[in-house]
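Please keep the sequence and the structure in view while reading.

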Amino acid sequence: MMNRIEQFADNLKSESRLLADRAVSGLRTAGLETAGFISRTKGPVDAFADTALKLNKQSHKNIEKLLKQQVKMLDTLIDESASRIEKVAKAKDVSDLKDVIEVDFSAFGIQKKAPARRKATAKKRTTKKAAAKKRTASKATAKKRTTRKASTRKASAKKAAASKPASAQAA
């Protein structure tokens, strides 16, 4: 019986060593695969960083161009404003101010536009005519109303006077 127990204990030891060796080798394999995976991500990260740096460089160039344009526009605006103020200060009469009032938009890349002119359409004319007729008709109606009220008041005053006794009329 002792022999069987020793044999069982030996089998248990060898199986537990085998399981431990398998677990350790599995962990080593997993660690090596993870290290390889991490190493392989270095390439895409470098490519992303290079692209981000190129994009950043291009963005800074464009912002620099924009700022230079803004400075140029502000310089022109300041110079033009100063020259106009000088012209106004040196003006002797209103005719000298004629040049100051004109605005030159070409310095800003904007062209002058002629003021839009509206063309009267036939539809608008008929609408205006109809509105004029309506106003005339409403004025005539208002006159009729005031005329009726005045004549009604006069008639009712006459009736009231006729219905009152002669002694009340004398007073």
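The accessible surface of the protein chain amounts to about 16400 Å², and 61% of this area belongs to carbon and sulfur atoms. Such areas come from the Shrake-Rupley method with a 1.4 Å probe, and for residues only the protein chains shown count as cover. The model is predicted: local features need pLDDT of at least 70, side-chain atom pairs count only at pLDDT 80 or more, and totals for chains, interfaces and linings use all residues. Residues are numbered from 1 along each chain as its sequence is written, and side-chain values use heavy atoms, with hydrogens and water left out.

Of the 171 residues in the protein chain, 1% are buried. Buried means under 20% relative accessible area, exposed means over 50%, and partly exposed lies in between (1.4 Å probe, protein chains only). Met1 is exposed, because its relative accessible area is 76%.

The protein chain has five helices and zero strands, in the order α-α-α-α-α along the sequence. Helices (H or I, at least four residues) and strands (E, at least two) are DSSP runs, numbered from the N terminus. Met1 lies in the segment before α1 (2–40).

How do α1 and helix α2 (residues 42–90) cross, and at what angle? Their axes come within 4 Å and cross at roughly 20 degrees, which means that α1 is roughly parallel to α2. Axes are lines fitted to C-alpha atoms, for helices over the stretch in contact, and angles run from 0 to 180 degrees between N-to-C directions. Angles under 35 degrees count as roughly parallel, over 145 as roughly antiparallel, 65 to 115 as roughly perpendicular and the rest as oblique.
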